[in-house]
Amino acid sequence: MQTLKKYFFTGLVLVVPVSLTLYLLVAVFRFIDNILGKFLNVYFQNTWGFYIPGIGFVLFFLILILVGMVASRFVGHRLFEQIEKWFAGLPLIKNVYPTLKQIVSFISAQKEFGFK
């Protein structure tokens with residue numbers, strides 16, 4: 001009975017993180033794809049009669065690259081600073097935005113310098 005219990009918990013420890021990771025990846029993919037893909041696929045379905053899965057996901061990353069390109073330029077940097085100042089004045093967002101920005105900065109710094 002002890003061996004069976006050991007096998008069960010070992011399997012649980014291995015399967016649960018993998019399952020949750022896959023579930024989260026699929027959920028994030030579907031969420032991002034539905035933001036823009038929903039509108040594009042309705043257009044494609046009505047116009048040409050087909051559906052392109054993942055088009056919203058691809059478009060989302062293209063928009064991120066475009067925003068990064070604009071923000072890395074001097075004009076884009078100044079524009080981004082103005083948008084951040086505007087966000088800092090909004091009631092609910094001024095509490096949430098700095099925290100999210102810190103988390104993203106921390107994650108990108110960990111990726112840049114590696115774990116120590």
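Select Gly-37 in helix α1 first: the helix bends there by about 55 degrees, the bend being the angle between axes fitted to the seven residues ending at a residue and the seven starting there. Helices here are DSSP runs of H or I with at least four residues, numbered from the N terminus. The model is predicted, so local features need pLDDT of at least 70 and side-chain atom pairs pLDDT 80 or more, while totals for chains, interfaces and linings use all residues. Residues are numbered from 1 along each chain as its sequence is written, and side-chain values use heavy atoms, without hydrogens and water.

Next, select residues 2–47, the whole of α1. Its 46 residues should span 68 Å at 1.5 Å a residue, and the end C-alpha atoms are 62 Å apart, which agrees; the expected span is 1.5 Å times one less than the number of residues.

Now show Ile-32, Asp-33, Gly-37, Asn-41 and Phe-44, which are buried (under 20% relative accessible area, with exposed over 50% and partly exposed in between; 1.4 Å probe, protein chains only). The buried residues of α1 pack against α2, residues 55–72.

The axes of α1 and α2 come within 6 Å and cross at roughly 110 degrees; axes are lines fitted to C-alpha atoms over the stretch in contact, with angles from 0 to 180 degrees between N-to-C directions. Contact (heavy atoms within 4.5 Å) involves residues including Phe-29 and Leu-40 of α1, and Phe-57 and Ile-63 of α2.

Move to Val-42 in α1. Val-42 is partly exposed, at 47% relative accessible area.

Definitions and conventions
Helices (H or I, at least four residues) and strands (E, at least two) are DSSP runs, numbered from the N terminus.
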